[in-house]
Amino acid sequence: MNETRTTCPYCGVGCGVIARVSEQGVTVQGDPDHPANFGRLCVKGAALGETTGLTGRLLHPQVNGETVSWQQALNTAGERLRSIIAQYGPASVAFYASGQLLTEDYYAANKLMKGFIGAANIDTNSRLCMSSAVTGYKRAFGADVVPCSYEDIERSDLVILVGSNAAWTHPVLYQRLVQARKENPSMKVVVIDPRRTATCDIADMHLALTPGSDGGLFVGLLHAIATSGEYDVDFDDAQAAFARASRWPVERVAQFCGLEPAEIRRFYDGFLTAPRAITLYTMGINQSASGSDKCNAIINVHLASGKYGREGCGPFSLTGQPNAMGGREVGGLATQLAAHMNFEPQDLSRVARFWGTERLAQTPGLMAVDLFDAIARGEVKAVWIMGTNPAVSLPDTHAVCQALSACPLVIVSEVVADTDTSRLAHIRFPALAWGEKNGTVTNSERRISRQRAFLTAPGEARADWWIVAQMAKQLGFGEAFAWQDAWDVFREHAALSGFENDGDRAFDIGALADLNRAAWDEMAPVRWPVSRHHGALDLARGWHRNKRLRLVPVEPEGMRTRCDALYPLILNSGRLRDQWHTMTRTGTVVRLMQHISEPIVEVSPSDAARFHLVDGAFGRISSSRGVMVARVVIQAGLREGTAFTPMHWNNRFARQGRVNALVAPVCDPQSGQPESKQTAVRITPWQPRWQGELFIREEITFPPFVHWWRKAAEGVARFTLASDRDDRDWLLAMCREQHWQLQTAQTPQGLNILAWQAGQLMLGFWSDAIKPETDDAAVIAAFRHPPENAPERHGLLSGKPGGGMPDQGRIICSCFSVGECAIQQAIAQGCDSVQALGKTLRCGTNCGSCVPELKALLAQTASAGSLGFS
Ligand SMILES: Nc1nc2c(c(=O)[nH]1)N[C@H]1C(S)=C(S)[C@@H](COP(=O)(O)OP(=O)(O)OC[C@H]3O[C@@H](n4cnc5c(=O)[nH]c(N)nc54)[C@H](O)[C@@H]3O)O[C@H]1N2
Ligand SMILES: Nc1nc2c(c(=O)[nH]1)N[C@H]1C(S)=C(S)[C@@H](COP(=O)(O)OP(=O)(O)OC[C@H]3O[C@@H](n4cnc5c(=O)[nH]c(N)nc54)[C@H](O)[C@@H]3O)O[C@H]1N2
Ligand code: SF4
Ligand SMILES: [Mo]
């Protein structure tokens, strides 16, 4: 058995994992020595081994859908890029990259675009994620410096989570907080989120404010700090910031945020009196048309109250993606140059000299949403997309898909063959996946860790940096990209950070530039700066050019979207516990799909009544941009007038499941970040004529009148189907075309179908009343070992498959596959605590992510159901 220490490729917590490869496959375990997680993993991390298979992988280069050699693919791409640049200039091409690339990949892409193609049209999905946070830090500190560490969270007296569902999105960090709070009973936790989430489980206070109103809450807090008399004014623009805040007394804040004045006062008092306070903020803050101002409103209160630059204190923007921070370091955003340098004369000259180029881009490039607009207008004629799926994740996906369909050259570097975006590509480059590639990532607390390969490269897949370097060669810049290894790229990146840096640039890892290969391979996780010249990050001094920090005057703004009679609800979107983004990797893992296996839309009980929505039935959500279909979940923890839906589903996993089909591309003018969290919609009930569960040996395509949702199942394709047309003949006709023998039965719910060939079950379809009621395990067993006699076959066809075997319900604990039904049964039999459930069923005893849901089930049974988490 072979053991490799590496880093989890999902969230920005950046947990260390130990991967083991054996004949049975890949298994992973938390690395006890990694300072981000000390051995813990969440369920996504723990299931990493199950994602390393090659099913669905893109393994060979393709041009116009045909497999070609690398040389052919590179020649074609190079020729077409060269001719577009020659005819229309460097600004007619663009790269759209990702916080999931390794630092080395990202560095290479940035260098090629800004340094040699000579335009700055490289932007990344981080624009949709933390560009507001970057703007906030730069305006306050003069540099993109995240001033806190995970230990600061554990050592604080007041932990405020704003717009963050860390229990599901930064699970291991959340578990560290749970532990710290246990050990320090005087620690208080405040959660600010319009929705009651699993994160509220440990909250002393939950402020369920009006969506988009956080700016008011924090500007009001600045005013409270001023009136308390104990505050610091030694910042640029302090007077203006305080003057603006003085117009926000508690009563006005209460009205703006839809909260009670008393609870606001309690929150403000808590902040003022806490010796140490730390604010963690993520997408509920950043994804807003005034996200940058919200970030500065948060930073302002920490600076003005002196709660920064010391242990347990500070404004801490958590990064979402595994290498969002690395992208910021290399300059992956169109608005930064490289290594934390800007489009300013000195920086431009320095970078041009370091790279040895005369073609360096002199001005910022297009930000993501503008970039796709420019593609739609025909100004950008070639785009190379690496490690992101914009046809799903950008707002207004219909417009994005139209833009890509009309774009003369779309190149995609991917690990997966079929994505919503790659379907629109002319050229596809197969990239190495996690476990196959080498490089570095930087987590939320600025900690650089190694990702190490432990699998051999499959097919013809290559490292992303290598593909970029080959394209550079095609374009005539080979000399500046002559790296042999990711290690070479890393050293160059480290050297640039330290180049002519006498301490003026906070991002400095120059001391790592001389690591030899063995030292780089063994590099232990390290927080930057790692400089030859200056020591630890001195935040009290700040990184403003004139060495002073700044309070940015903020005028609170509400959300930009407006409800009206046609679109009366605000749709919020975000993450589920067990899925990762557009599901290309997590959507195929059965145990991760079982927690929530379909697009859902959560609505409050009063809105459900108002709009005639039934729990478990379907809802059709529409906005001025598009439509989505989802299963309705009535949730007591939602504010009236709001709804919530996951961001994950897409055209590979559902028909009309993309939330961004609804979202308008309204952006923060400072950061370019779209308002993905608030969209005015209406939801109407959808009662299909029929619905049911389909299991089939091979993939099929469905006729346009059939609605489908893909589920994960071992060894078969599995779908939930529904339709408005009372017509299942297409399914029967398809079976007949294959010469399968048919067995059908009419049940009270509708028609059930089994199709056989040579004694093998080829297809099974069971009609549903409302919710799926099939027992997947029993059906899958029948595909493997067909029932031998007629009565058994008949039982399979007509009854609930499995002959009344207990249905598991929704999987609550993914680590041990424990379903809702078993948990409820155990509660009924006397388990009255999370510990008791853990003893009986093992649920909640591994990663702990499901503990809030276990508590909710316990509370539900105790009070016949008012709590409940999404
Ligand atoms: N399981 C899982 N974990 C992930 C990811 C994943 O795909 N799956 N993705 C990673 C990435 S890239 C990111 S960026 C992070 C995101 O991590 P989070 O930001 O924690 O996740 P989200 O679910 O997008 O949104 C967080 C919360 O913002 C709330 N919110 C919405 N509107 C408002 C508002 O106006 N004010 C406030 N205060 N809150 C609001 C939502 O109700 C939601 O609970 O997660 C990372 N971790
Ligand atoms: N409505 C709404 N929209 C949102 C959000 C929201 O909360 N609400 N959140 C936004 C946020 S914060 C984010 S970060 C984005 C995320 O959105 P995306 O970045 O579009 O989502 P992913 O599914 O992570 O896309 C990564 C792609 O890269 C591929 N890939 C994986 N590893 C590699 C590799 O090593 N090399 C290459 N070349 N490819 C690889 C994967 O197969 C996948 O197709 O979505 C944003 N969109
Ligand atoms: S918390 Fe994040 S980094 Fe850690 S195992 Fe889970 S997904 Fe991976
Ligand atoms: Mo993100």
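1. Phe95 stands opposite Ile122, a residue of strand 7. Strand 7 and strand 6 (residues 93-97) run parallel where they pair, with three bridges between them. This is a predicted model, and the points below should be read as such.

2. The sheet that contains this pair is open and has seven strands, ordered 5-4-15-14-13-6-7, with mixed pairing. Its edges are strand 5 (66-67) and strand 7 (122-124), each of which pairs on one side only. Strands of a sheet are joined by backbone hydrogen bonds, in either a parallel or an antiparallel sense.

3. Ligand 1 has 33 residues around it, and the closest are Asp193, Gly212, Asp214, Arg575 and Gln579. Sorted by class, the residues of this shell are ten nonpolar, 16 polar and seven charged. Domain 3 (130-317) and domain 4 (569-686) each give at least three residues to the shell around ligand 1. Helix 6 (166-169), helix 12 (283-286) and strand 19 (569-574) each contribute at least two.

4. Which atoms of Arg575, Gln579 and His581 face ligand 1? For Arg575, a side-chain N or O atom is 2.6 Å from an oxygen atom of ligand 1. For Gln579, a backbone N or O atom is 2.6 Å from a nitrogen atom of ligand 1. For His581, a backbone N or O atom is 3.0 Å from an oxygen atom of ligand 1. On its own ligand 1 exposes 920 Å², and the protein buries 100% of that area.

5. Ligand 2 is surrounded by 31 residues; the closest are Gln100, Ser393, Glu414, Lys437 and Thr582. The shell around ligand 2 comprises ten nonpolar, 16 polar and five charged residues. At least three of its residues come from domain 2 (62-125 + 323-483), and at least three from domain 4 (569-686).

6. Arg575 also has a polar side-chain atom 3.1 Å from a nitrogen atom of ligand 2. A side-chain N or O atom of Trp580 is 3.4 Å from an oxygen atom of ligand 2, and a backbone N or O atom of Asn389 is 2.8 Å from an oxygen atom of ligand 2. Of the 920 Å² of accessible area that ligand 2 has on its own, the protein covers 99%.

7. Ligand 3 has around it Cys8, Tyr10, Cys11, Gly14, Cys15, Leu41, Cys42, Lys44, Gly45, Pro171 and Val172. Helix 1 (43-46) and helix 7 (171-183) are the elements that supply two or more residues to this shell. By class, the shell around ligand 3 holds eight nonpolar, two polar and one charged residues.

Definitions and conventions:
Residues are numbered from 1 along each chain as its sequence is written. Chains are lettered from A and ligands numbered from 1 in the order in which they are written. This is a predicted model: local features need pLDDT of at least 70, side-chain atom pairs count only at pLDDT 80 or more; totals for chains, interfaces and linings use all residues. Side-chain values use heavy atoms; hydrogens and water are left out. A residue is near a molecule or strand if one of its heavy atoms lies within 4 Å of it. A polar contact is a pair of N or O atoms within 3.5 Å; within protein, one must be able to donate a hydrogen and the other to accept it, and residues adjacent in sequence count only if both atoms are side-chain atoms. Accessible areas come from the Shrake-Rupley method with a 1.4 Å probe; for residues, only the protein chains shown count as cover. Helices (H or I, at least four residues) and strands (E, at least two) are DSSP runs, numbered from the N terminus. Ala, Val, Leu, Ile, Met, Phe, Trp, Tyr, Cys and Pro count as nonpolar, Asp, Glu, Lys and Arg as charged, and the others, Gly among them, as polar. Domain bounds come from an automatic or database domain assignment. Two strands pair if DSSP finds at least two bridges between them.
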